[in-house]
Amino acid sequence: MSALKVVSSKLAAEIDKELMGPQIGFTLQQLMELAGFSVAQAVCRQFPLSGKTETERGKHVFVIAGPGNNGGDGLVCARHLKLFGYNPIVYYPKRSERTEFYKQLVHQLNFFKVPILSQDEENWLEYLKPEKTLCIVDAIFGFSFKPPMREPFKSIVEELCKLQDRIPIVSVDVPTGWDVDKGPISQPSINPAVLVSLTVPKPCSNHIRENFTTHYVGGRFIPRDFANKYGFEPFGYESTDQILKL
Ligand SMILES: NC(=O)C1=CN([C@@H]2O[C@H](COP(=O)(O)OP(=O)(O)OC[C@H]3O[C@@H](n4cnc5c(N)ncnc54)[C@H](OP(=O)(O)O)[C@@H]3O)[C@@H](O)[C@H]2O)[C@H](O)CC1
Ligand SMILES: [K+]
């Protein structure tokens, strides 16, 4: 276990609330854009295309988006990946009706010709073959997940657990199915090859396997005094990077 500075799910929600409150005034859309952009950058850093064969370059990044903001991060990430020369494909089984904004993110994916599987796609597993898939982006649930998991996500996560030794999983903020504070509380559980913690790692990140999971922090949107107020130091991002390997 690392001695990484982490903030609880409760504090993470408070940080979000203050960032989007009347004093600071970020919009959810702005933060989500930066969050999804960070995740796309982490995929590039971990799975670079340079020097790869045509076949390797043509592999899919399979993005699974959940019904909340973690899913929104996934939708944004898919759009940036397309711009970065990757071949993303999105599975968004339970589309959010929360705001018009989620529909707009879907329109943008259509605009970029990123395929989105239909909601009741029964053959989604067909797209998950090691010879066809570079990695899976797990944007199903983040810090607001409360176990036990309901369908259809329960079955989806069970399938991902069977596949994860052959196809690397990149988890956004929290590995789906983990308790944000306690970590993997039920079996089988996702063991991501990459975890991208947003703003600041949550306590569950202390449970990643040290020699298996590469841990990045992303979501570079807070100044030093704000980080200090919540009890942590800002991360030492380099240059224009949106991610930092921890
Ligand atoms: N500042 C930042 O770091 C930012 C982070 N962002 C990302 O937002 C998520 C948190 O988003 P939130 O919408 O609060 O929550 P989730 O996406 O984690 O999950 C909410 C949805 O999940 C459903 N849910 C919850 N538990 C279950 C369950 N057991 N089974 C099935 N479905 C479940 C929930 O449905 P309800 O019906 O229960 O409401 C919601 O639909 C954070 O982790 C980051 O990834 C933002 O981008 C902003 C910046
Ligand atoms: K996730």
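Before the annotations, a definition: UniProt positions are given in the numbering used here, feature names are shortened, and annotations may be inferred rather than shown by experiment. With that in mind, the "binding site" annotation, from an unreviewed UniProt entry, covers N70, D138 and T176. These residues span 107 residues in sequence, yet no two of their C-alpha atoms are more than 9.8 Å apart, so they gather at one spot. Of the three, N70 is included in the lining of the largest pocket.

A word on the basis. This is a predicted model, in which local features need pLDDT of at least 70 and side-chain atom pairs count only at pLDDT 80 or more, while totals for chains, interfaces and linings use all residues. Residues are numbered from 1 along each chain as its sequence is written, chains are lettered from A and ligands numbered from 1 in the order in which they are written, and side-chain values use heavy atoms, with hydrogens and water left out.

Now the pocket. On a 1 Å grid over the protein atoms alone, a pocket is an open set of points with protein on both sides within 12 Å along at least five of seven lines, and lining residues have an atom within 4 Å of a point. Ligand 1 sits in the largest pocket, where sitting means that more than half of its atoms lie within 2 Å of the grid points.

What surrounds the ligand? There are 23 residues around ligand 1, and D16, D73, S144, K146 and D173 come nearest; the criterion is a heavy atom within 4 Å. By class, this shell has 11 nonpolar, six polar and six charged residues, with Asp, Glu, Lys and Arg counted as charged, Ala, Val, Leu, Ile, Met, Phe, Trp, Tyr, Cys and Pro as nonpolar, and the others, Gly among them, as polar. Helices α2 (28-46) and α4 (69-83) each supply at least two shell residues; helices are DSSP runs of H or I with at least four residues, strands runs of E with at least two, numbered from the N terminus.

Next, polar contacts, meaning pairs of N or O atoms within 3.5 Å. A polar side-chain atom of D173 is 2.6 Å from an oxygen atom of ligand 1. Polar backbone atoms contribute too: one of F143 lies 3.0 Å from a ligand oxygen, and one of R150 lies 3.0 Å from a ligand nitrogen. The protein covers 85% of the 950 Å² of accessible area that ligand 1 has on its own, by the Shrake-Rupley method with a 1.4 Å probe.

Finally, the backbone. Most residues other than glycine have a negative phi, and most peptide bonds are trans. The P147 to P148 bond is cis, with omega near 0 degrees, and the bond joining E151 and P152 is cis, with omega about 5 degrees. P148 is in the loop between β4 and α6 (153-163), and P152 is in the loop between β4 and α6. K113 has a positive phi, near 55 degrees.

How values were computed. A polar contact is a pair of N or O atoms within 3.5 Å; within protein, one must be able to donate a hydrogen and the other to accept it, and residues adjacent in sequence count only if both atoms are side-chain atoms. On a 1 Å grid over the protein atoms alone, a cavity is a set of points where a 1.4 Å probe fits but cannot get out, and a pocket is an open set with protein on both sides within 12 Å along at least five of seven lines; lining residues have an atom within 4 Å of a point.
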